[in-house]
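Please look at the chain shown here and follow it from one end to the other before reading on. The report below starts from one residue and then widens to the whole model.

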Amino acid sequence: MALDEPKDTDNVFKVDGFEYIIDKELLERAKPVKVDFQGMGFKLDCGIDFGAGGGCSGCGTASTGCGS
């Protein structure tokens, strides 16, 4: 996850006061995408199978995410 401005190639979702931006092609490959806030950060889950030790967020496993 990173701060970014929306582009023509992005989908924008507004949920609970947050604005989430994701590239349309990435969303098609990764859906479903789930973002949860867990105390110290956000946990990202998606439909891409990275195998053991990988996760959508790039900083944790699919089961632990960034916030754990």
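Asp16 lies in the loop between strand 1 and strand 2, and its phi is positive, at about 50°, although Asp16 is not a glycine. Most residues other than glycine have a negative phi, and most peptide bonds are trans.

Strand 1 covers residues 10-15 and strand 2 covers residues 18-23, and the two pair in the antiparallel sense over six bridges. Two of the facing positions are set out in this table.

| Residue | Residue opposite, in strand 2 |
|---|---|
| Asp10 | Asp23 |
| Asn11 | Ile22 |

Which kind of peptide bond joins Lys31 and Pro32? The bond between Lys31 and Pro32 is cis, with an omega of about 0°. Pro32 itself lies in the loop that runs between helix 1, residues 24-30, and strand 3, residues 34-37.

## The chain as a whole

Taken together, the secondary structure of the chain comes to one helix and four strands, and, read along the sequence, these elements follow the pattern β-β-α-β-β. Of the 68 residues of the chain, 21% count as buried. The chain exposes about 5,100 Å², and carbon and sulfur atoms supply 55% of that area.

## How far the model can be read

The confidence of the prediction should be kept in mind throughout. The chain averages a pLDDT of 80, and 75% of the residues score at least 70. Over residues 58-68, however, the pLDDT is below 50, while this stretch has 24 contacts in the model beyond near neighbours in sequence. Where pLDDT is low, the predicted coordinates should not be read in detail.

Definitions and conventions
Residues are numbered from 1 along each chain as its sequence is written. This is a predicted model: local features need pLDDT of at least 70, side-chain atom pairs count only at pLDDT 80 or more; totals for chains, interfaces and linings use all residues. Side-chain values use heavy atoms; hydrogens and water are left out. pLDDT is the predictor's confidence in each residue, from 0 to 100. Contact means heavy atoms within 4.5 Å. Two strands pair if DSSP finds at least two bridges between them. Buried means under 20% relative accessible area, exposed over 50%, partly exposed in between (1.4 Å probe, protein chains only). Accessible areas come from the Shrake-Rupley method with a 1.4 Å probe; for residues, only the protein chains shown count as cover.
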